[in-house]
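Please read this briefing alongside the sequence and the coordinates.

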Amino acid sequence: MVGLAADWLTSTANTNMFTYEIAPVFVLLEYVTLRKMREMVGWPGGCGDGIFSPGGAISNMYAMLIARFKMFPEVKEKGMAAIPRLVAFTSEHSHFSVKKGAAALGIGTDSVILIRCDERGLQHSDLNTCLCALLQGFVPFLVSATAGTTVYGAFDPLIAIADICKKYKIWMHVDGAWGGGLLMSRKHKWKLNGVERANSVTWNPHKMMGVPLQCSALLVREEGLMQSCNQMHASYLFQQDKHYDLSYDTGDKALQCGRHVDVFKLWLMWRAKGTTGFEAQIDKCLELAEYLYNKIKNREGYEMVFDGKPQHTNVCFWYIPPSLRSMEDNEERMSRLMKVAPVIKARMMEYGTTMVSYQPLGDKVNFFRMVISNPAATHQDIDFLIDEIERLGQDL
């Protein structure tokens, strides 16, 4: 309710975030909130820069834009024709926004090299091998590591990736849109060890922290770089002879002109809950995911997609109907199993009782991906989900 109240207030005010004089309170709140988030990333004193953007995909694109500008500042005026062929690296399980950003920035999706990974994240040895084997004329400018992959909830080995980026002098970005909230948890933040060595970090409080959409932050370790990359010196907004500190005119470092007030929802919720409040709700979601995993890992009719406890709240599994349980593990069984999750989900929607996402991945046919981000859920809700899957899938 606190976040909703904040959303109502900002909608009522209907102000913009491009200059301090238009939204002085909200600009200052953004300043202190981003600084606090950078402190939690591990940058000394919260140094650096950042901005709230319209979502994680845009935050990731900002990171690519800034990384390219850092290596080749002339690209801002002269365009891609004036610089070498750039390539970026990310895991094969990373979010599609990395490729989308490459397309939008004119780098091209073919210039995004996907590194093999498993349910525990990117294989850093393969990343190192790929960098060593690059053909002459290709310039690696960014590695986008993922903290909390979309499907498995896996965390890339950030320390090892940071070592590689340092060795080759490449910008390290961490897409923590999904997993960044774990920095609030003393119990789970170790999964992001090494994030403090990143050059930029995406963190979406509208995911695990439950802030109303939209609320996504791009954090940058080097102060002033975002401004240099994006500023256009529009004289009707960003006059240089104003009577206050011009660094509070944040609009010129954004791609947007008009920018919604996203920070107030997070700031007010943070004031109401405190860091310990966010920590409690995040720990609760991870505990619920572990409860689901423990309930089904050895239960008849269920198979886990990968061995071991999930790193995040993503629990991936197959439901095996009675008709398939005695079948040999062959192509026919896989073909039939592929159809199970879509039918059960369709029945869930028809009955209106619950809904769980499914998808294939690589050579794995359709499986359920239960993601828990609502701390109001209970063990009883998890038990109901299991019973409902079994009820709706018994005859398949």
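What follows sets out the model's basis and then its features by topic.

This is a predicted model, in which local features need pLDDT of at least 70 and side-chain atom pairs count only at pLDDT 80 or more, while totals for chains, interfaces and linings use all residues. Residues are numbered from 1 along each chain as its sequence is written, and side-chain values use heavy atoms, with hydrogens and water left out. Helices (H or I, at least four residues) and strands (E, at least two) are DSSP runs, numbered from the N terminus.

**The seven-stranded sheet**

- An open sheet of 7 strands runs in the order β1-β9-β8-β7-β6-β2-β3 with mixed pairing, where two strands pair if DSSP finds at least two bridges between them.
- At the edges lie β1 (49-53) and β3 (112-115), each of which pairs on one side only, and the twist averages 20 degrees from one strand to the next.

- Helix α5 (residues 97-104) lies across β2 (85-91), β3 and β6 (138-146), and runs at about 165 degrees to β3; axes are lines fitted to C-alpha atoms, for helices over the stretch in contact, and angles run from 0 to 180 degrees between N-to-C directions.
- Helix α7 (residues 158-168) also packs on the sheet, where it touches β6 and β7 (171-176), and its direction makes about 155 degrees with that of β7.

**The annotated lysine**

- The UniProt annotation "modified residue: N6-(pyridoxal phosphate)lysine", from an unreviewed entry, covers Lys207; such positions are given in the numbering used here, feature names are shortened, and annotations may be inferred rather than shown by experiment.
- Lys207 is found in the loop between β8 (200-203) and β9, and counts as partly exposed because its relative accessibility is 33% (buried means under 20% relative accessible area, exposed over 50%, partly exposed in between, with a 1.4 Å probe and protein chains only).
- Leaving aside residues up to four places away in sequence, Lys207 touches Ala177 and Trp178, contact meaning heavy atoms within 4.5 Å.

**Cavity and pocket**

- On a 1 Å grid over the protein atoms alone, a cavity is a set of points where a 1.4 Å probe fits but cannot get out, and a pocket is an open set with protein on both sides within 12 Å along at least five of seven lines; lining residues have an atom within 4 Å of a point.
- Grid points are joined across faces, edges and corners, and a volume is the space filled by probe spheres set on the points; the count comes to 1 cavity of 30 Å³ or more, and the largest cavity has a volume of about 40 Å³.
- The lining of the largest cavity includes Asn60, Leu142 and His173, and α3 gives the most to this lining, with 3 residues.
- The largest pocket holds about 500 Å³ of space, and of its 25 lining residues the closest to its centre are Asp49, Ser247, Tyr248, Thr250 and Lys253.
- Helix α2 gives the most to the lining of the largest pocket, with 6 residues.

**The enclosed strand β11**

- In strand β11 (residues 314-319), 6 of the 6 residues are buried, so the strand is largely enclosed by the rest of the structure.
- β11 pairs in the antiparallel sense with β10 (residues 302-304) over 3 bridges and with β13 (residues 364-371) over 4 bridges.
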